[in-house]
Number of protein chains: 2
Amino acid sequence: MNILIVHAHPEPKSFTAALKNAAVDTLTTAGHTVEVSDLYALNFNAVASAGDFDSRQNPDYLVYALEQRNGVKDDTLSKDILTEIDKVRSCDLLLLTFPIFWFSVPAILKGWIDRVFVSGAFYGGRRIYDHGGMTGKKALVCATLGGRPHMVSEGGIHGDLVAMLRPLLQGTLGYVGFDVLEPFFGYHIPYLDDAERHGILNEWYQALATLDSRSLLPMPSLRNYDETLALRRIVLA
Amino acid sequence: MNILIVHAHPEPKSFTAALKNAAVDTLTTAGHTVEVSDLYALNFNAVASAGDFDSRQNPDYLVYALEQRNGVKDDTLSKDILTEIDKVRSCDLLLLTFPIFWFSVPAILKGWIDRVFVSGAFYGGRRIYDHGGMTGKKALVCATLGGRPHMVSEGGIHGDLVAMLRPLLQGTLGYVGFDVLEPFFGYHIPYLDDAERHGILNEWYQALATLDSRSLLPMPSLRNYDETLALRRIVLA
């Protein structure tokens, strides 16, 4: 497989970086081709703006998704975006490694999504979910957090973590067509000792060795929705 | 009331900006003091990094939340963050106006949250929800999207929009103690004609005129959770 790891952590020596490095080593050793976009190291521009287009269909009024569509068609997207799009297009598995900030991705990774998941290539109209531009590819989230499992479980104070990450897991990765693997979480990281962190690394090595059999998250299928994306009525024969 | 509007849209002439301007005019006319942080106009730095601290407790290894706590205590946060913290501290109502990108906020607004909602002043340990740093203040989200209501409703293809925005509404605003008002949504915006957009503006004026009676979203209360934030067992007498 071609694997793209998109990594977003402000500390190069972080435990999250150790999880990213473990993935690079393990997956390379297993014979895969691994590429890494380390967003902090790249100083990646996080902010979607008019500057993302070398020329625009409408220079007077920016509709960002519309200019993305034109940019893909006319090859006028800025170079840093094109580079990342090419990496995603070439990959079979997209792996995101990041610390959870506010039950979501760090802004630099949100900006990578806002700017790289362009209308036209990744989605458009009814080209979403099982008709999305990235169908046939897999995506896996590996995220760290300070919280403990009981705080982010169904019935816990913050609610279920997979449900909290649904804007990313379903609304972004699933939306553009990825098969989304069950995410991997490292809990309570700032408070763990070395032995406990090694325990999490071992779980991660185990997960990496068994990607083929990892569960997929359920996603909507377009065949259940009509041309307005309303749920089809079931007609019993 | 003192009202802080944090606005994040890359097009100054956008309909979202019209909603923001309507809020500035209406709330000022009603006698409130209104301040606006227009994040694109400010060219706000979206990326949390080591550069956010004039000096650090640990210069060799960045734990971002820990340095935030020290930064608040020792007054070593960077100037742009301090300015925004002061604005939030001074406000009675925080209003966020933005277009929904990927079922979430644009990266520039995520970066404002990542950098400004600092550990120590906004939250810390069990100082969350009804014990959070921002208790006594209200927050309101005014967001625009391309989707139509049936796509983002319970049972719709993407699921309920308020549930999708839970990382922001509960996991961020509620978490730090705001009373979170029922959000205001402008649907299907890029596809509407002028009359339909005026209809949404009128709904928004109506919402602004009746903020006092607007519903609050339910949030967890700390009294239901023990010192480890586990749900207390109910003991029947």
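Predicted model: local features only at pLDDT ≥ 70, side-chain atom pairs only at ≥ 80, totals over all residues.

Colleague: Let's take chain B. What do the side chains of D52(B) and R115(B) do?
Modeller: They meet in a salt bridge, at 2.9 Å from N to O. D52(B) sits in the loop between α2 (39–42) and α3 of chain B and R115(B) in helix α5, so the pair ties together parts that are 63 residues apart in sequence.

Colleague: Are D52(B) and R115(B) buried or exposed?
Modeller: Both D52(B) and R115(B) are buried.

Colleague: And which residue does D114(B) pair with?
Modeller: D114(B) has a salt bridge to K110(B), with N and O 2.6 Å apart. The two lie in helix α5 of chain B, four residues apart, about one turn of the helix. D114(B) counts as buried because its relative accessibility is 4%, under the 20% cut-off. K110(B) is buried too, also with a relative accessible area of 4%. While we're on salt bridges, in chain A those that share partners join D52(A), D80(A) and R115(A) into one network.

Colleague: How far apart are the closest N and O atoms of D74(B) and K73(B)?
Modeller: They are 3.9 Å apart, and the pair forms a salt bridge. D74(B) is partly exposed, at 46% relative accessibility, whereas K73(B) is exposed, with a relative accessible area of 63%.

Colleague: Now α3(B). Which of its residues are buried?
Modeller: Y64(B), E67(B), Q68(B), N70(B) and G71(B) are buried there. The cover over the buried residues of α3(B) includes α4 and α5 of chain B. After the helix comes D75(B), whose phi is positive, near 60°.

Colleague: What is Y64(B) in contact with, leaving aside its neighbours within four places in sequence?
Modeller: Its contacts are A48(B), S49(B), D52(B), F53(B), I81(B), D114(B) and R115(B). So Y64(B) touches both residues of the D52(B)–R115(B) salt bridge. Its own relative accessible area is 9%.

Colleague: Where is S78(B)?
Modeller: S78(B) is in the loop between α3 (64–74) and α4 (79–90) of chain B. It is buried, with a relative accessible area of 9%, and its side chain makes a polar contact of 2.6 Å with that of D80(B). Further along the sequence, S78(B) touches G51(B), D52(B), D54(B) and R115(B).

Colleague: Switching to the interface, how much area do chain B and chain A bury between them?
Modeller: About 4300 Å², with 64% of it on carbon and sulfur atoms. W102(B), K110(B) and I157(B) supply 20% of the area that chain B buries against chain A, more than any other three residues.

Colleague: How many salt bridges cross it?
Modeller: Zero by the rule used here, but there are 20 residue pairs in polar contact across the interface. On the side of chain B that touches chain A, α5(B) gives the most, with six residues. By class, that side has 32 nonpolar, 13 polar and nine charged residues.

Colleague: Last one: which residues have the most contacts inside the largest nonpolar core?
Modeller: W112(A) and W112(B), in a core of 120 residues. Among the residues that W112(B) touches are L4(B), V6(B), F44(B), L96(B) and F117(B).

How values were computed: Residues numbered from 1 in each chain as written. Chains lettered and ligands numbered in written order. Heavy atoms only, no water. Buried area = accessible area lost by both parts, 1.4 Å probe. Salt bridge = Lys/Arg side-chain N within 4 Å of Asp/Glu carboxyl O. Polar contact = N/O pair within 3.5 Å; in protein donor to acceptor, adjacent residues only side chain to side chain. Nonpolar A, V, L, I, M, F, W, Y, C, P; charged D, E, K, R; others polar. Core = buried A, V, L, I, M, F, W, Y, C linked by side-chain atoms within 4.5 Å. Buried < 20%, exposed > 50% of the residue type's maximum accessible area, 1.4 Å probe, protein only. Contact = heavy atoms within 4.5 Å.
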